[in-house]
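Student: I should like to study this structure through a series of questions. May we begin once it is shown?

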Amino acid sequence: MDMTPQQKLMWVFGGIVALLAVASLVGWWLHRRRGDTEVVRNLNARVRAWWGMVAVLGVCFMLGPTANLVVFACISFFALREFITLTPTRPGDHLPLVIAFYVLIPVQYWLIHDQWYGLFAIFLPVYAFLALPALAVFGGDTHDFLERTTKIQWGVMIAIYCISHAPALLILHLRGYEGQGPLLLLYLMLVVQISDVMQYVFGKLFGKRKLAPTVSPSKTVEGLIGGGLTATAIGASLWWITPFTPLQSAGMSALIVTCGVFGGLALSAVKRSLGAKDWGRMIEGHGGMMDRMDSVSFAAPIFFHVTRYYFSS
Amino acid sequence: MIEPVAAAALVGITRLLVGARADWQAPPPLGQCLIFANHSSHLDTLAIWSALVPAMRARTRPVAARDYWDKPGLRQYVAGRVLHAVLIERRREEQDGDPLVPVIAALEQGDSLILFPEGTRTAERLPQRFRGGLHRLAEAFPDLALVPAYLDTLHRSLPKGAHIPLPLYCTVRFGPALARVADEPREAFLERARGAVVALA
């Protein structure tokens, strides 16, 4: 198979569009047969939102790496916005939060653009980690200081640092894979999202035993197994857009799926500890940006580093 | 002809910056109404105004402080030509007679209003004591629907003294119109009105 990266991108996007068309048809058929029920309505809203998300991703892949960085910087912005909205901050946190929104996000993504890997990897966990509480001191408010600082640091790590590892795949130099970073980013996003979708579908069809009823009531053991295996199989079959062999690709997909599941569960627990059911209302049928990116935030950094460690040139 | 464009832009910017999503806990009143809310930042007026549906926004005017909004330049233009604000004098030394006269005139014309009965901003989650103006207006206009509203994150977006707003999502929760109680003492009325806002928090 001697396709250019551009042709591979076209094929994969063609496949996604075909899948979505099937999903839309199924949704239409269910609406006709089952009528206007809550589940069907939510399913159709989700499919419609997927068309929108795929359109945004499609355009940004067409425009090139800089567009990818801008889109992911916006994703981080919206994710942090949802996180901090649910977090009870106090007036003394104003300065560190202004820095988080308006300085840390642009700098972190600029470091990817600049291909400055060394600083990209430590800028938030070292410099911002120390700078945020240092700035909060100027607020002069010691009430719940540790809790407030920790929550802001957590939001910054998940919404900016972790999510930024997805587009950082573009700057990896891998053996025999120069200039194909966008395909690897697409691979990650596809496996994570297919895993989420398939867990939902298998859960709705066969779900009986709840996986973690108090943390995430909609997740079931049947959904997890069916969805996880399907996503791993689809990921393995996409080996031709990655630097991996089919077997390695299956392993990587299994890793992405596993991290994604833990991300979904851990962030669901965080969300509930902040007293909410959804992170926001930005994406119809899905909830907020963080509801869509929770799995990515755990899967992206691990996938990035495992790939970097084993496949760097 | 530029005012409708400016109004649309203002709503767009406000939504982008602070969300300003409306959450009506009871159907919005059809007739003339007075929306009263907690006051915690300079963005409050714009957030409530942006959260209204266009038809309601067109007939609703914010009651705003002259000392803040009547500054030459952008603020004066926005307050006067875009928001059609009813400007009132808060500074006692500048007051010439009853400061509520322009508000009463607007209500007599049939306009709906947005009012912050605390009179001044507070950095807290819950509103302070309400001042008497709301009671006087309620007495003078017995058929006016008094709609409580609560702004949930603006005290964190732009606390007193801050200059750069945080882009948190603000939800504007509107409650059912306050029931009218005959011969209710002033303090009891004000406390009940404040309670209606607190209940939405």
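Tutor: Let us start with a definition: angles under 35 degrees count as roughly parallel, over 145 as roughly antiparallel, 65 to 115 as roughly perpendicular and the rest as oblique. This is a predicted model, in which local features need pLDDT of at least 70 and side-chain atom pairs count only at pLDDT 80 or more, while totals for chains, interfaces and linings use all residues. Residues are numbered from 1 along each chain as its sequence is written, chains are lettered from A and ligands numbered from 1 in the order in which they are written, and side-chain values use heavy atoms, without hydrogens and water.

Student: How are H5(A) and H6(A) oriented to each other?

Tutor: Helices (H or I, at least four residues) and strands (E, at least two) are DSSP runs, numbered from the N terminus. Axes are lines fitted to C-alpha atoms, for helices over the stretch in contact, and angles run from 0 to 180 degrees between N-to-C directions. Helix H5 (residues 117-136) of chain A packs against helix H6 (residues 145-164) of chain A at about 155°, with axes 10 Å apart. H5(A) and H6(A) are therefore roughly antiparallel.

Student: How are H4(A) and H6(A) oriented to each other?

Tutor: The axes of helix H4 (residues 94-113) of chain A and H6(A) come within 10 Å and cross at roughly 25°. H4(A) and H6(A) are therefore roughly parallel.

Student: Which elements give two or more residues to the lining of the largest cavity?

Tutor: On a 1 Å grid over the protein atoms alone, a cavity is a set of points where a 1.4 Å probe fits but cannot get out, a pocket is an open set with protein on both sides within 12 Å along at least five of seven lines, and lining residues have an atom within 4 Å of a point. The largest cavity is lined by Asp93(A), Pro96(A), Leu132(A), Pro133(A), Ala136(A), Arg148(A), Thr149(A) and Ile152(A). The elements that give two or more residues to this lining are H5 and H6 of chain A.

Student: Which elements give two or more residues to the lining of the second largest pocket?

Tutor: This pocket is lined by 30 residues, and those nearest its centre are Ile88(B), Arg90(B), Phe116(B), Gly119(B) and Arg131(B). The elements in question are strand S3 (60-65), helix H4 (66-69) and helix H7 (133-140) of chain B.

Student: What is the distance between the end C-alpha atoms of helix H2 (residues 38-63) of chain A?

Tutor: The expected span of a helix is 1.5 Å times one less than its number of residues. The 26 residues of H2(A) should therefore span 38 Å, and this agrees with the distance between the end C-alpha atoms, 38 Å.
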